[in-house]
There are 2 protein chains.
Amino acid sequence: MNRLFELRHTDTHSKARAGTLTTAHGSIQTPVFMPVGTQGTVKALSPDELVDVGSQIILGNTYHLYLRPGAEIVERAGGLQQFSSWKRPMLTDSGGYQVYSLADLRKINDDGVVFRSHLDGSSHSFTPESTVDVQRSLGSDIMMVLDECPPYPCSEAYAATAVERTTAWAKRCLTQFHASPGKFDFSQTIFAIVQGGTLPALRRTSADALVQLDFPGYAIGGLSIGEPKPALFEMVDICTDILPQDKPRYLMGMGKPEDLVEGIARGVDMFDCVLPTRNGRKGQVFSWSGTMNLRNAGYKEDWRPIDEQCGCYACRNFSRSYIRHLFRAEEILGMRLACIHNVFFYHQLVARCRDAIEMGSFDDCRREFYRNYEIRTSPNQMATISL
Amino acid sequence: MNRLFELRHTDTHSKARAGTLTTAHGSIQTPVFMPVGTQGTVKALSPDELVDVGSQIILGNTYHLYLRPGAEIVERAGGLQQFSSWKRPMLTDSGGYQVYSLADLRKINDDGVVFRSHLDGSSHSFTPESTVDVQRSLGSDIMMVLDECPPYPCSEAYAATAVERTTAWAKRCLTQFHASPGKFDFSQTIFAIVQGGTLPALRRTSADALVQLDFPGYAIGGLSIGEPKPALFEMVDICTDILPQDKPRYLMGMGKPEDLVEGIARGVDMFDCVLPTRNGRKGQVFSWSGTMNLRNAGYKEDWRPIDEQCGCYACRNFSRSYIRHLFRAEEILGMRLACIHNVFFYHQLVARCRDAIEMGSFDDCRREFYRNYEIRTSPNQMATISL
């Protein structure tokens, strides 16, 4: 029996699953959505509000925290949970993805990656070993290996090299993880990341090699970076067919509400995405019927809550008209209310799927979602939805 | 007996007083500090947080709300409390002060003031009657008369004209107040504003004339606009000597913590100021030992709360080091925590004074405050403190 993850239900019509992930800071019911706390805070929200909206686990970004305030500060504070007053489980990425997307003048070789800070241009490097060390200092419950995420599109040769490097780095991370003692009085765990671009054979190679290393959990990385949705979900399907049933699967950086439903249908247990807070800060909110932008003039005298079905603090107390006013007047409370609503909505969406999986009705739940939710996408981003 | 205001205790060593102000939306223990909700929200805070930090009544600014979202929108929403989900008492100013300080191309004559919006340059006018009408639409528990606030310094002749106009306008506001029915199912009240610059004789003339009009409450306006602190408090003393004992007195737009203590000592019951939220958003916080700016490098590894004596949400959960990190990283939560702390501190300060007045120990309370609190002022702003 795997103490980290217990698989409790598997859907009969899809690969959807419900389970329990147990960490030193508490248990998490999966499928789960993880809000992103890039710099040690989920933007616009307090830890109490996160508990209120139903967050079970949040993310921290190693790249950002390493640069500011610095891993040594977080370590001296007693770890990221202690520093930020978030008492529940926390996951940190390795920093690799941010190095590829944010940092300047990065140079990747087999040893690791050298980069310049996007904040002050200072020079730094990450190796598989150092990212484990940094995540030891941050004290996350779940840490991630350093991987190489090639851009989309990229050549097959480059994607293959990135898979080889990702496997080699995963091995070094696992070795360092076992060799380095924890800095705090609780245990941590580490997940590997499958790469391989949108090439089915490479995805299989990557997943197979990492499964051989027997990691406690696995992530699917390198997706949602511009590739068409059908290719994305094909890759997810390939990965979840190979990854062990008794270990958690995490689809990194995804996604829109419909992406979560589709990921769950393909056997993914964990999701993270900045959308609910990033879009919320711009006035875009999610509801069971689709998205809306509260800045629109149409809401000027709309006395309804954002979503009449919603039980969040924003919907229980404020009208669209008032929140529109707050956005127009550039008041912080507007961003706060939209973010509270959006994160609550994401948690409710995943909870509905989880409940349905447990009751054997996930197929109905998925159909019901599409019946009400208006999806706005460009044609090549349309998901292949096989109901 | 005055149903609006009950004077419960008067200090024997000073003019300090404790009372109860009763409005349609609840009772207020005075002295009271009123946070400023300029645009229908106290910046960075939610209504629930305001209740949490101990706010009994908050302000709304008529000038801002009239321009955006517009008084008619607030009226259709059911009034400012309904619109903003603040269920407790609310006070609105008349908009006059903002016209003088924010609007462009203002022209004042005996009829009223014509101005251009600072938002879009559109042309508007306020008359004594129209500001009452707007405040009827906003549905504040306490509305304020339109007054003329001359700049500091100004000629004696101009200050005298402003006093005459302020008296005439107060009379017209009171007539309009009695002639206009409320828009909602609760009653409102209206306060007059004493002007007179820093001229003792003019202050007396203004106060005497307004007292003759028998308003339910009185404000002291036109202060804290650049005049030296000794002159400011001399004017407050003159006014509170004249204003009726059985009616509430409100010192508009004040002030720093020491100003509140000195105002209370001179018989003021109500205060409002943007300082706790404006300074909080910049990282400046108040504590029983003085002010500090949390952005300072000295707090990098300071694991203490902002104020070890404080029981607010920020101090119960977060270190100076973490909040400093939030400010450096420009995270909204930093501003939120500093504002929560500052408003809580202001309420605690006034509550300590109130409790001391009731127990007959205000003098000790005032000395104790100065013993611990380091005041940073320029020499000409130094308060005359007679202990």
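Reply: Let's begin with the word itself: a domain here is a stretch whose bounds come from an automatic or database domain assignment. What you see is a predicted model, in which local features need pLDDT of at least 70 and side-chain atom pairs count only at pLDDT 80 or more, while totals for chains, interfaces and linings use all residues. Residues are numbered from 1 along each chain as its sequence is written, and chains are lettered from A and ligands numbered from 1 in the order in which they are written.

For chain A, the assignment gives domain 1 (5-273) and domain 2 (281-381). Their C-alpha centres lie 26 Å apart. Where the two touch, domain 1 of chain A contributes 29 residues and domain 2 of chain A contributes 27 residues; contact means that the C-beta atoms of two residues, placed from the backbone, lie within 7 Å.

Now look at the side of domain 1 of chain A that touches domain 2 of chain A. The elements giving two or more residues to that side are β2, β4 (32-37), α1 (47-53) and α10 (257-265) of chain A. Such elements are DSSP runs numbered from the N terminus: helices are H or I with at least four residues, strands are E with at least two. With six residues, α10(A) supplies the largest share of that side. Sorted by class, the side has 15 nonpolar, seven polar and seven charged residues. Here Ala, Val, Leu, Ile, Met, Phe, Trp, Tyr, Cys and Pro count as nonpolar, Asp, Glu, Lys and Arg as charged, and the others, Gly among them, as polar.

Let's stay with β2 for a moment. In chain A there is an open, antiparallel sheet of three strands in the order β1-β2-β3, where pairing requires at least two bridges found by DSSP. Its edge strands, β1 (5-10) and β3 (26-30) of chain A, each pair on one side only. On average, neighbouring strands of this sheet are turned by 15° against each other, direction ignored.

Between β1(A) and β2 (residues 17-23) of chain A, the antiparallel pairing runs over five bridges. You can find Phe5(A) standing opposite Leu21(A) in β2(A). Packed on the sheet is helix α14 (residues 332-359) of chain A, which touches β1, β2 and β3 of chain A and makes about 115° with the direction of β2(A). For such angles, axes are lines fitted to C-alpha atoms, for helices over the stretch in contact, and values run from 0 to 180 degrees between N-to-C directions.
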